Amino acid sequence: MKIATFNINNINRRLPNLLRWLRAAKPDIVCLQELKSTDADFPLREINKAGYGAVWRGQKTWNGVAILARNKDPVLTRTELPGDRGDQEARYIEAAVGGIIVTSLYLPNGNPQPGPKFDYKLAWFRRLKLHAAKFVKQDIPVVLAGDYNVAPTELDIYPTRSWDKDALIQPKSRAAFKSLLAQGWCDAIGDTYPAKPMYTFWDYKRNRWPRDAGLRLDHLLLSPKLAPRLVKAGVDRKIRGEQGASDHAPAWIVLR
């Protein structure tokens, strides 16, 4: 079973890129973020034609998350992260596919920091930890996939000081990610490549893609029940270099 997470950065604008990648990579499950589409404008017909069922939660202009499944329909289990009834941002969706629970999550960016946006990021992380702990306690096979907006270690950002004040690499952001892992989650990409940079994001500005000035922001975390089934993991880097590409590349895993 091949599972991928891909921040598509506007699904309708990048639809040709997405469809080409689906045909080439043939993932069984795809977790998408930053749809930047309303529910009504989600391109279901084209997704279905490509052989995928889908569940999604859209939001006008920004955010939005979806889960696609090849030759089947994901069974929707949640459309929001518990813990804050006032949170209206479309950042979390969860579904059952092929005997496992899969999430597509889009953690808040948190900039500028310090400030209310960074506070929201950390609060969202706390809610995610509380929800994730229930999966671990119940010994459920789960993939927490998505754009976490955190580069967990120094290996996960190119050598630079230009991001030092950015929310993506703050000690509190990294500590929140580390404490989530401490529940027993396996960072599939990080654990497979402990000494090699595996960037998933290259900003459009300052020639960062040609310079390989990237960050690893997109993660697939496996619950203790699921981690032993991990066979391999990787990043489809070349997708970032296509015409009209998202500023992210798909990260993926293969499970037994």
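Contacts between residues 24 or more positions apart make up 70% of those in the protein with a separation of 6 or more; a contact here means heavy atoms within 4.5 Å. The model is predicted, so to speak of a local feature takes pLDDT of at least 70, side-chain atom pairs count only at pLDDT 80 or more, and totals for chains, interfaces and linings use all residues. Residues are numbered from 1 along each chain as its sequence is written, and side-chain values use heavy atoms, leaving out hydrogens and water.

The protein has five helices and twelve strands, taken as DSSP runs numbered from the N terminus (helices H or I, at least four residues; strands E, at least two). Its radius of gyration is 17 Å, close to the 18 Å of the globule rule for 256 residues, so it is as compact as a globular protein of that length. That radius is taken over C-alpha atoms, and the rule is 2.2 Å times the number of residues to the power 0.38.

Now to the sheet. Six strands form an open sheet with mixed pairing, in the order β5-β6-β7-β8-β10-β9; two strands pair if DSSP finds at least two bridges between them. β5 (75-78) and β9 (186-187) are at the edges with a single partner strand each, so one side of each has no neighbour in the sheet. β6 and β7 pair in the antiparallel sense over six bridges, and I93 has S104 in β7 as its bridge partner.

| Helix | Strands touched | Angle |
|---|---|---|
| α3 (residues 116-137) | β5, β6, β7, β8 | about 20° with β6 |
| α4 (residues 171-181) | β9, β10 | about 25° with β10 |

Key: Axes are lines fitted to C-alpha atoms, for helices over the stretch in contact, and angles run from 0 to 180 degrees between N-to-C directions.
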